Amino acid sequence: MTHRFDSTSMAKGLDVGTMNILSARQDASETVFVQQRNSFVEIEYSDMAEQMLSRSEVLHIRKDDKVYVVGDDALNFANIFNKETRRPMQHGILSSEESSAIPMIKLITEQVVGEPSFENERLFYSSPADPIDSDLSTLYHQKTLESMLGDMGYDPEPINEGMAVIYSELADNNFTGLGVSFGAGMTNVCLAYYAVPVMKFSIARGGDWVDEQSAQATGTPVDKVTTIKEDDFKLDFRTDVGGVEGALAIYYENLLDYVIEHISREVDEEDVEEGLDVPVVVTGGTSSPDGFEELFEDHLEDASIPFSISDVRQANEPLYSVASGALVAARSEEEDQPEQEEPMEAAED
Ligand SMILES: Nc1ncnc2c1ncn2[C@@H]1O[C@H](COP(=O)(O)OP(=O)(O)OP(=O)(O)O)[C@@H](O)[C@H]1O
Ligand SMILES: [Mg+2]
């Protein structure tokens with residue numbers, strides 16, 4: 001364990017996503033990320049399982065006669081024990097169908113973000129905008145996370161997910177442009193001028209939707225489809241007609257058109273300053289496959305978008321954008337305001 005006493009920032013960023021929870025903190029000149037899958041699997045308690053798990057690094061908790069394996073290892077254990085993974089979140093917010101959602105997300109978040117460096121350390125956490133294509137509300141989700149993070153000793157502040165993308169990817173353009181985060185449960189869109197969000201919305205479709213549709217079309221278990229997609233899937237439309245990859249390509253293209261249609265409907269001329277060309281940045285895990293950026297750009301060109309686009313960019317590290325942007329926002333606030341609290345002794349980690 002190393003202790004550093006140099007310019008470590010006193011603020012953190014947190015991305016609470018439907019599939020991944022990530023924290024970001026600044027350590028000297030480096031941004032350090034910690035990531036876990038927002039997922040768990042329930043297995044029957046046995047002395048064997050308990051012993052095996054206690055000796056390993058696998059994140060787990062026991063409750064009555066059940067053991068829950070949580071985070072990255074959930075998918076492996078699901079495959080070994082022939083179980084399905086369960087998810088605390090769905091469509092970008094806490095799942096109403098999962099009774100263990102809150103304790104599980106708490107456990108994962110605690111592991112990912114750690115203890116605050118001092119009481120009431122500032123923490124910006126991502127929160128989606130309300131979806132325009134469903135009547136889900138994000139308020140309960142946002143408030144529940146706020147109190148959970150407060151209980152952990154942080155001073156939490158929500159930041160819109162699309163805005164976080166603009167903070168991380170459009171610093172060189174005065175934080176002006178359109179940010180699109182293609183996640184698992186949602187796609188978040190935000191238009192900002194000089195770091196001020198002028199329009200934001202989400203769409204209740206993302207990678208999970210692509211997986212579910214492809215699973216249904218081909219009669220394949222969803223976990224299997226997700227694994228195939230994340231492994232080596234390319235959007236080149238040359239592979240596997242009739243197979244899982246063929247179905248993935250079809251639903252990917254459909255998702256892009258659906259998102260573009262909503263962008264052109266929601267962002268109208270009045271939102272965009274006259275004569276301004278807007279850069280568009282795409283990110284999120286769902287934007288990872290080779291060919292995604294080109295496909296998005298092609299379909300955007302074909303659409304009748306009511307404003308002028310200067311260029312389409314893709315984030316270098318799509319899984320880290322939101323956490324990284326939340327950290328930028330937290331740190332810029334820190335620079336604006338003199339520090340109120342006295343730092344406590346370095347917390348153990
Ligand atoms: N290499 C990859 N190829 C294709 N899809 C990927 C890849 N890696 C991750 N994904 C997909 O990206 C999605 C997760 O992305 P991300 O972490 O940005 O979402 P999230 O923030 O958890 O979700 P949301 O923002 O919707 O709440 C999942 O659907 C996952 O299967
Ligand atoms: Mg996300």
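Two strands are said to pair if DSSP finds at least two bridges between them. Helices (H or I, at least four residues) and strands (E, at least two) are themselves DSSP runs, numbered from the N terminus. The model described here is predicted: local features need pLDDT of at least 70, side-chain atom pairs count only at pLDDT 80 or more, and totals for chains, interfaces and linings use all residues. Residues are numbered from 1 along each chain as its sequence is written, while chains are lettered from A and ligands numbered from 1 in the order in which they are written.

The protein contains 10 helices and 15 strands. Its radius of gyration is 21 Å, close to the 20 Å that the globule rule gives for 349 residues, so the protein is as compact as a globular protein of that length. That radius is taken over C-alpha atoms, and the globule rule is 2.2 Å times the number of residues to the power 0.38. Along the principal axes, the C-alpha trace spans about 60 × 60 × 35 Å.

Burial is judged by counting neighbours: a residue is buried if 20 or more other C-beta atoms lie within 10 Å of its own, exposed if 12 or fewer, and partly exposed in between, with C-beta atoms placed from the backbone. Buried residues make up 43% of the 349 residues. Two residues are in contact if their C-beta atoms, placed from the backbone, lie within 7 Å. Among contacts between residues at least 6 apart in sequence, 69% join residues at least 24 apart.

One sheet can now be followed in detail. Five strands form an open sheet with mixed pairing, in the order β13-β12-β11-β14-β15. At the edges stand β13 (196-203) and β15 (309-314), each with a single partner strand, so one side of each is left without a neighbour in the sheet. Neighbouring strands of this sheet are turned by 15 degrees against each other on average, direction ignored. Strands of a sheet pair through backbone hydrogen bonds, either parallel or antiparallel.

Strand β11 (residues 177-182) shows both senses of pairing. With β14 (residues 278-283) the pairing is parallel, over 4 bridges; here Val 180 stands opposite Val 282 and Ser 181 opposite Thr 283. With β12, β11 runs antiparallel, and 6 bridges join the two. Leu 178 has Leu 191 of β12 as its bridge partner, and a hairpin of 4 residues links β11 to β12.

In a regular strand the side chains alternate between the two faces of the sheet. From β11, Gly 177, Gly 179 and Ser 181 point one way, whereas Leu 178, Val 180 and Phe 182 point the other way. Since 6 of the 6 residues of β11 are buried, the strand is largely enclosed by the rest of the structure.

Axes are lines fitted to C-alpha atoms, for helices over the stretch in contact, and angles run from 0 to 180 degrees between N-to-C directions. Helix α5 (residues 161-169) touches β11, β12 (187-193), β13 and β14, and its direction makes about 60 degrees with that of β12. Helix α8 (residues 244-266) touches β12 and β13, and its direction makes about 140 degrees with that of β13. In α5, 9 of the 9 residues are buried, so this helix is largely enclosed by the rest of the structure.

Thr 187 belongs to β12 and counts as buried, with 33 C-beta neighbours inside 10 Å. Leaving aside residues up to four places away in sequence, its contacts include Val 180, Ser 202 and Val 259.

Most residues other than glycine have a negative phi. Asn 174, in the loop between α5 and β11, has a positive phi near 55 degrees; Asn 174 is exposed, with 11 other C-beta atoms within 10 Å. Tyr 194, in the loop between β12 and β13, has a positive phi near 45 degrees and counts as exposed, with 9 C-beta neighbours inside 10 Å.

Finally, there is the ligand. A residue is near a molecule if its C-beta atom, placed from the backbone, lies within 6 Å of it. Around ligand 1 there are 23 residues, the closest being Gly 17, Thr 18, Gly 183, Gly 207 and Gly 285. Helices α6 (207-218) and α7 (222-232) each supply at least two residues of this shell, and α7 gives the most, with 3 residues. By class the shell has 6 nonpolar, 14 polar and 3 charged residues, where Ala, Val, Leu, Ile, Met, Phe, Trp, Tyr, Cys and Pro count as nonpolar, Asp, Glu, Lys and Arg as charged, and the others, Gly among them, as polar.
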